[in-house]
Amino acid sequence: VNDFVDSRVTFIDFDTATFAPGTGLVVGGTTRTENVDARLWGFEAEAAYDAGPWFASLSGMIPRGENRSGGPLGSIPQDRLNLGLGWRPAPGVTLGARGTFARGQSRVPEGGQESDGFSVVDLFASYAPESGPLAGAVFRAGVDNLFDRDHRIHPNGLDQPGRSFKISAAFTF
């Protein structure tokens, strides 16, 4: 790839240090982008099966890349495996879980931030009435990061949110 836009996240970058009266030394982080010539390769696959009352999916990716001189790129994400399982116990009702399993990313440019591996489980449910006054509506609820795991998706410099609860309703008319 010619002119690949690579990014490098430095969570604590002493080049940003300033002195603020009353608070003292302040050091921030930076995200820098740079166009480099790079080689990219890897593997990505997905399989899904829907048997009506239940469904399952499996996907994975193994991304790789380096600059033309053989050095690491800062924006290559972690190896990742995703698993989804679900059940439809009644018409319009869906219950399920998703698991995301990521490997740590340690091949980063000098000054870049490495990322640890992580495992996260999400739960979801939806109800879409097929008849009656609520036909055309979809109600959803979910819990992301069920076990409240600290994790960071590479190359982000900040951790992802902890456990999150979500609800939504959509109406089509």
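This is a predicted model: local features need pLDDT of at least 70, side-chain atom pairs count only at pLDDT 80 or more; totals for chains, interfaces and linings use all residues.
The chain as a whole contains nine strands and zero helices. The order of elements from the N terminus is accordingly β-β-β-β-β-β-β-β-β. Of its 173 residues, 28% count as buried. The accessible surface of the chain is about 11,200 Å², and carbon and sulfur atoms contribute 57% of this area. Among contacts in the chain with a separation of 6 or more, 51% involve residues 24 or more positions apart.

Aromatic pairs were examined next. A pair of aromatic rings is described by the distance of the centres and the angle of the planes. The structure holds two such pairs. In one of them, the ring centres of Tyr49 and Trp54 are 5.5 Å apart and the planes stand at 45°, so the pair is classed as tilted. Tyr49 counts as exposed because its relative accessibility is 52%, the cut-off for this class being over 50%. Trp54 has a relative accessible area of 41% and is therefore partly exposed. Phe139 and Phe171 also form an aromatic pair, with a centre-to-centre distance of 5.7 Å and 85° between the planes, an edge-to-face geometry. This pair links distant parts of the chain, with Phe139 in strand β8 and Phe171 in strand β9, 32 residues apart. Phe139 is partly exposed, at 29% relative accessibility.

The loop between β8 (137-144) and β9 (164-171) includes Asn156. With a relative accessible area of 36%, Asn156 is partly exposed. The C-alpha atom of Asn156 lies 9.2 Å from that of Arg8, although 148 residues separate the two along the chain.

Key. Residues are numbered from 1 along each chain as its sequence is written. Side-chain values use heavy atoms; hydrogens and water are left out. Helices (H or I, at least four residues) and strands (E, at least two) are DSSP runs, numbered from the N terminus. Buried means under 20% relative accessible area, exposed over 50%, partly exposed in between (1.4 Å probe, protein chains only). Contact means heavy atoms within 4.5 Å. Accessible areas come from the Shrake-Rupley method with a 1.4 Å probe; for residues, only the protein chains shown count as cover. Rings of Phe, Tyr and Trp (its six-membered ring) pair if their centres lie within 6.5 Å; planes under 30 degrees apart count as stacked, over 60 as edge-to-face and the rest as tilted.
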